[in-house]
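Here is my note on the model you sent. Please read the points beside the coordinates.

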Amino acid sequence: MSKNVIVIGGGLAGLVAANFAVKAGAKVTLFEKSRSIGGRAATTEKHGIQFNLGPHALYRSGQAYRILHELGVEVSGGIPKVGGTVGVRNGRKHLLPSGALTLLTTGLFNLSAKLEAAQVLGSLLKIDAEKFNHLSVREWLDKEIRTEDLRLFLQAFFRLGTYANDPERQSAGLALAQFQMALNESVFYVDGGWQVLVDGLRAKAELAGVKIVAEARVEKVERSQSGKVIGVRLADGSRQASDAVIIAASPNEADQLIEGEPTLLNEWAKKAIPVKAACLDIALERLPEPQTTFALGIDRPLYLSVHSAAAKLAPEGQAMIHVAMYLGSEAPADAKAVERELEALLDLVLPGWRWLNFRWH
Ligand SMILES: Cc1cc2nc3c(=O)[nH]c(=O)nc-3n(C[C@H](O)[C@H](O)[C@H](O)COP(=O)(O)OP(=O)(O)OC[C@H]3O[C@@H](n4cnc5c(N)ncnc54)[C@H](O)[C@@H]3O)c2cc1C
């Protein structure tokens with residue numbers, strides 16, 4: 001007899017779990033507390049422009065890409081261009097090195113950093129990243145990289161690859177693995193935004209028989225006296241029995257859902273460290289500098305990318321741009337100051353953007 005499985009959470013993880021559970025022969029119901037499905041992968045459309053929730057890039061050699069392929073979810077899009085990329089240091093734009101020639105000419109490195117970069121960068125793509133799991137990013141940089149210019153540059157790429165700005169705590173092994181993944185296979189901006197992934201997974205799941213219920217908050221995962229999962233209780237007071245429950249929500253939310261004695265989830269929730277970022281998503285009538293499509297802060301944790309230059313996210317000629325600041329695990333003390341810094345990055349990289357910004361009401 002097929003098992004009843006309940007999935008809590010209609011983000012990408014919940015949708016993937018529901019797809020695999022139904023493939024394995026289970027009878028699956030997915031509950032999502034919000035009105036719409038998608039969680040952090042949702043995309044909002046305004047006047048034909050697709051806004052992801054902050055910059056979203058799919059790693060072509062990552063697990064998500066592999067799983068989407070395995071489930072038969074079609075994804076189209078584009079790889080961000082290497083030309084037209086700038087590094088920002090001390091408030092000035094420099095060429096971001098992407099090969100031997102740009103490495104020679106960039107103003108981001110002094111001569112000794114150029115020599116060290118030429119020796120080190122290629123080998124970083126081949127080293128066994130796991131060997132450095134025990135070191136923090138800061139420890140690894142201090143130990144392995146001689147010049148300050150190259151340390152700053154690598155740190156900027158580690159932020160880009162991991163979305164985190166926490167070098168004292170972040171594992172060097174993980175940062176290096178993401179760096180390798182980004183440079184070896186590049187990333188992919190998705191046509192139509194990440195909602196396309198959500199809709200694709202949802203369609204596959206429903207076709208296979210998964211029941212998806214939105215606006216349904218699960219309040220508790222109920223357990224028998226022996227601790228076995230017996231079902232869930234919803235916010236409207238109703239109950240649904242099940243043989244297994246998959247929670248695809250944040251560690252804290254998951255922990256709070258469990259009734260009775262604390263489980264391992266409680267330990268994991270206490271240890272989990274959030275990663276925060278401040279994002280500004282901008283649509284322009286046209287790009288003021290069409291040749292500049294990407295900027296990376298070298299001495300500040302900043303990011304700017306014209307996602308519509310690689311993927312279909314805006315009508316022809318218009319532009320969809322994501323600007324972000326990578327933070328640590330804390331929200332910034334002064335959010336307005338962060339916003340001003342993000343706008344200043346736009347002023348520097350895409351001067352004139354303020355006049356081309358859509359003013360919708
Ligand atoms: C600004 C930003 C940029 C990002 N960029 C990238 C990127 O470039 N590349 C990349 O790979 N990833 C990126 N990510 C991460 C990616 O978006 C997430 O990893 C992914 O979308 C998370 O999916 P999830 O299903 O695990 O969680 P979520 O999307 O958070 O989904 C969890 C869902 O569970 C629901 N839920 C919670 N509790 C309950 C309950 N009690 N009952 C019912 N429903 C519940 C929530 O409403 C939510 O819909 C980015 C994220 C952000 C925020």
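1. Leucine 304 stands opposite valine 323 in β18. The strands β17 and β18 (residues 319–326) are antiparallel and joined by five bridges. Pairing here requires at least two DSSP bridges between two strands. Strands (E, at least two residues) and helices (H or I, at least four) are DSSP runs, numbered from the N terminus.

2. This is a predicted model: local features need pLDDT of at least 70, side-chain atom pairs count only at pLDDT 80 or more, and totals for chains, interfaces and linings use all residues. Residues are numbered from 1 along each chain as its sequence is written, and side-chain values use heavy atoms, with hydrogens and water left out.

3. β17 has another partner. Strand β16 (residues 294–297) pairs with β17 in the antiparallel sense, over three bridges. Leucine 296 stands opposite tyrosine 303 of β17.

4. Is β17 enclosed or open? Five of the five residues of β17 (residues 302–306) are buried, so the strand is largely enclosed by the rest of the structure. Both of its faces are covered. Leu302, Leu304 and Val306 are buried on one side, Tyr303 and Ser305 on the other. Buried means under 20% relative accessible area, exposed over 50%, and partly exposed in between (1.4 Å probe, protein chains only).

5. Now the ligand. It is surrounded by 29 residues, and the closest are Glu32, Arg40, His56, Ala57 and Tyr163. A residue qualifies if one of its heavy atoms lies within 4 Å. By class, the shell has 16 nonpolar, eight polar and five charged residues. Nonpolar covers Ala, Val, Leu, Ile, Met, Phe, Trp, Tyr, Cys and Pro; charged covers Asp, Glu, Lys and Arg; polar covers the others, Gly among them.

6. Domain 1 (4–41 + 197–271) and domain 2 (43–193 + 273–361) each give at least three residues. The bounds come from an automatic or database domain assignment.

7. A backbone N or O atom of leucine 12 is 3.1 Å from a ligand oxygen. For a polar backbone atom of arginine 40, the distance to a ligand oxygen is 2.7 Å. Tyrosine 163 uses a side-chain N or O atom, at 2.8 Å from an oxygen of the ligand. The protein covers 78% of the 1,000 Å² of accessible area that the ligand has on its own. Accessible areas come from the Shrake-Rupley method with a 1.4 Å probe. The elements giving two or more residues to the shell are α1 (12–23) and α9 (251–257).

8. Look again at tyrosine 163. Its phi is positive, about 70°, although it is not a glycine. Tyrosine 163 sits in the loop between α6 (148–162) and α7 (172–185). At 31% relative accessibility, it counts as partly exposed.

9. Glutamate 215 also deserves a look. Its phi is positive at about 50°, and it is not a glycine. The residue lies in the loop between β10 (211–213) and β11 (218–223). With 57% relative accessibility, glutamate 215 counts as exposed.

10. Last, serine 329. It is placed in the loop between β18 and α11 (335–349). Serine 329 counts as buried, at 15% relative accessibility. Its side chain makes a polar contact with the side chain of arginine 169 (3.0 Å).

Key
A polar contact is a pair of N or O atoms within 3.5 Å; within protein, one must be able to donate a hydrogen and the other to accept it, and residues adjacent in sequence count only if both atoms are side-chain atoms.
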